[in-house]
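Keep the sequence and the 3D view open as you read.

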Protein chains: 2
Amino acid sequence: MPSNIPNISEAEWTIMEVVWSRSPLTANQVIQALDGHCDWHPKTIRTMLNRLVHKQALRYEQSGREYLYRPAVTRDRCVKHASRSFLKQVFGGASSSLLAHFVQHEKLTDEDVDRLRQLLDQRKDA
Amino acid sequence: MPSNIPNISEAEWTIMEVVWSRSPLTANQVIQALDGHCDWHPKTIRTMLNRLVHKQALRYEQSGREYLYRPAVTRDRCVKHASRSFLKQVFGGASSSLLAHFVQHEKLTDEDVDRLRQLLDQRKDA
DNA sequence: CCGGTAGTATTACAGACGTAATCATTCCTA
DNA sequence: TAGGAATGATTACGTCTGTAATACTACCGG
């Protein structure tokens, strides 16, 4: 029984972040959490919640006349899944190339660099 | 005049890789290059070449009765663009988190690690 | 000169996505 | 008790994707 991570689109990812960080919540709470950040119509957000349930990225339980949504997949698993796809598609699976790219082209503070060095040190080398 | 990087889908990316690495080539050469790797129908590949031209990810010039395709955007720019989107979507734009993730969860040889340390050293710190 | 072949261009079609509007149900309130 | 408001369900619709098939056109060979 392998992962079975549902495909979460870009817009859906935004919804998932909210649910991951404050689960469980009602549709309205999701809408409020996004108010100001996105400007999606509430209907749109409800639609996306629905789709995410169908994709089995979210679950819900009834609570009064509303639903309480929770993640059905952990953020970790989704991050890993998305990272793998990206790594494969853009860097041909070579994590070293990917890392080189980000070290060279994206901003890092000195602290970031230090922490990264530590991670490299702690890495259990084969 | 900002970037204007066209959106290149996953399947299209495969085509682009071929063109980036051996440009210029004819449709048939792309088809042959992919033979064995993908199993797309030749018609499918021609369709994708066409779409990529419309998206202005590829250009072509006539050569006899065929076209010679070339990239209209560099791989570098596309990699950077895709990396930014991914970074933003999955790691909220924090490159340090992204780097930590890949260092901790993806395979790296000892040489990879050494090279990465060097890159960190060479980094022009602010 | 005519028809087949090899290219390109156009069309097809289902499923995903972004973005909602409309429908149906139910509960609260006047 | 009937009507409106809130919620979830269904439907809508244009674009993008994956995956081709079909149409058109021009050149080559008989």
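α5(A) and α5(B) are roughly antiparallel to each other, a label that goes to angles over 145 degrees, while those under 35 count as roughly parallel, 65 to 115 as roughly perpendicular and the rest as oblique. This is a predicted model, in which local features need pLDDT of at least 70, side-chain atom pairs count only at pLDDT 80 or more, and totals for chains, interfaces and linings use all residues. To find your place, note that residues are numbered from 1 along each chain as its sequence is written, and that chains are lettered from A and ligands numbered from 1 in the order in which they are written.

In each chain, α5 covers residues 95–105, and the two helices pack at an angle of about 160° with their axes 10 Å apart. Axes here are lines fitted to C-alpha atoms, for helices over the stretch in contact, and angles run from 0 to 180 degrees between N-to-C directions. Helices (H or I, at least four residues) and strands (E, at least two) are DSSP runs, numbered from the N terminus.

Which residues make the contact of α5(A) and α5(B)? From α5(A) come A:S95, A:L98, A:L99, A:F102 and A:V103, and from α5(B) come B:S95, B:L98, B:L99, B:F102 and B:V103. Contact means that the C-beta atoms, placed from the backbone, lie within 7 Å. By class, this contact has 8 nonpolar, 2 polar and no charged residues; Ala, Val, Leu, Ile, Met, Phe, Trp, Tyr, Cys and Pro count as nonpolar, Asp, Glu, Lys and Arg as charged, and the others, Gly among them, as polar.

α5(A) also has a partner in helix α6 (residues 110–122) of chain B: their axes come within 10 Å and cross at roughly 5°. That makes α5(A) roughly parallel to α6(B). Among the residues that meet here are A:L99 and A:V103 in α5(A) and B:L116 and B:L119 in α6(B).

Now step back to the whole pair.

Note on methods: Contact = placed C-beta atoms within 7 Å.
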